[in-house]
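Hello,

Here is the structure I promised to pass on. Please have a look, then read my notes below.

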Amino acid sequence: MDTDLLNTAAPAPIRHAVHLPDDDRMSPEFRAVVRRRGEEAALGLVADLDALDRRYSTTVAAAARHDVRLLCAVKASTHPEVLRRAAEFGLGFDIANEPEFEAARGASTRARLSLTSPALPRREQAPLFAAFARGEIHRWHCDSLAQLEELASACPGSTVGVRVCLDGLDVPEGMPLFTPSRFGIRLDQLPLARDIAARHGCALRWIHAHNGSEENDIASYVFAAEAIVAAARAHEIDLEAVDLGGGLLAEATPEALDEFFGAVRAAVPAETELVFEPGRYWLIDCMTLITQVLDVKETPDRVLLVLDLGLMSHLQWADHIRIPTLGLLVPDDSRPWRLCGRSCFEEDMLDEWEKVPVAADAPVPRRGDVIALGNISGYAIELSCDFNGVRRPTLELLGV
Ligand SMILES: Cc1ncc(COP(=O)(O)O)c(C=O)c1O
């Protein structure tokens, strides 16, 4: 008899390497947690709640130094713990519809809520108008003159707001501002908005402009602020608040935030409240995806690292992902590594510009290894799906 067939000893554990991004964005404690989970092949998303708290705390403190009000855009993460902690740090919420209203109220019934919506389904209008009338929604920015007419007639006598775009303005060459925009009314329509409000005994006093998510800079925020303040003045609108939306791209350091908030605050009169409502910003460098290498494949012009995920369905709006440095599959090989998902979609791979860092002496990933991708955005969770049977990763929030 072949005794090998009867060998019932436990199989040796499968050994695999764990590849971590080598930037220093993870705290040493969280890095140790990610490494241990990788070694145990405990796959999924993990979020560092201490890092999130640090971002909340640093940013809220900087905003207070410049008399700036901060909201958290619920669309970027509806996770109850993320929202609960935001409210604990004194942040209000930017909401765009009834489910986001519910998520924000679930986190706190005391936090300030500001609604800015492209449009509401009819069934959500009445309950949200009622919440506005009760004072549970504190600000409301209408996206069109027709929406303003509806709000003002449903809530006569209230203070109301509009969202504007900067279409038609002479934007300096190369300034990153999203024009033309499909959102909001033009600044030269403000007199019409003011008069619609006045017909219902309302005062138009809040103006909102989302300055742009992907691309912006301090100068573009200052430009938007100055344009809004000037238009309000020209049209005799007594501006209570300017909300410049989300898109905050500054580093979460006191210096960078002081520079950003200070410059924009200087463009808005002291008696007018200045509001920002970042979304993506809050979870930057807080979330890591631990996943498995399923295959390493070569094509003539690239080397493909096939991972146990669907980039298209799990990592949407998760750009600036932090990727481990990989070694060369073949010495002196100049082909780039590309990170792929396992769905059947040909383009299920990280965008071209999300370059995989390479070093000749870095380890080469093998099938079965574990790889950690840093800086997964909250949007990636909000937008995830199970397309093609690639189940969305589990998420655990950790205090380390
Ligand atoms: C009105 C409004 N506010 C805030 C945000 C949040 O933007 P970000 O996640 O880029 O900070 C968005 C994003 O689309 C938005 O449309």
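First, a term: a residue is buried if 20 or more other C-beta atoms lie within 10 Å of its own, exposed if 12 or fewer, and partly exposed in between, with C-beta atoms placed from the backbone. Helices (H or I, at least four residues) and strands (E, at least two) are DSSP runs, numbered from the N terminus.

Two notes on the source. This is a predicted model: local features need pLDDT of at least 70, side-chain atom pairs count only at pLDDT 80 or more, and totals for chains, interfaces and linings use all residues. Residues are numbered from 1 along each chain as its sequence is written.

**Helix α1**

Phe30, Val33, Val34, Arg37 and Gly38 of α1 are buried. Seen down the helix axis, the buried residues of α1 fall within an arc of 135° (taken from the directions from the axis to the C-beta atoms), so they line one face. The face turned away from that buried side carries Pro28, Ala32 and Arg36, which are exposed. Cover for the buried residues comes from elements including β2 (44-48), α2 (49-65) and β12 (287-299). After α1 comes Ala41, with a positive phi near 55°.

Strands pair if DSSP finds at least two bridges between them. β3 (residues 68-73) and β4 (residues 92-95) are parallel partners over three bridges. Ala73 has Asp94 of β4 as its bridge partner. β4 also pairs with β5 (residues 113-116), again in the parallel sense and over three bridges. Here Ile95 is bridged to Leu115 in β5.

β4 is covered on both faces. Gly92 and Asp94 are buried on one side, Phe93 and Ile95 on the other. In a regular strand, side chains alternate between the two faces of the sheet.

β3, α3 (residues 80-88) and β4 form a right-handed β-α-β unit. Right-handed means that, with the strands pointing away from the viewer, the path from the first strand over the helix to the second runs clockwise. The crossover from β4 through α4 (residues 98-107) to β5 is right-handed too.

**Lys75**

Where does Lys75 sit? Lys75 is in the loop between β3 and α3. It is buried, with 20 other C-beta atoms within 10 Å. Beyond its neighbours within four places in sequence, Lys75 is in contact (C-beta atoms, placed from the backbone, within 7 Å) with Ala96, Glu100, Gly279 and Glu382. An unreviewed UniProt entry gives Lys75 the feature "modified residue: N6-(pyridoxal phosphate)lysine". UniProt positions follow the numbering used here, feature names are shortened, and annotations may be inferred rather than shown by experiment.

Best wishes

Technical notes:
Contact = placed C-beta atoms within 7 Å.
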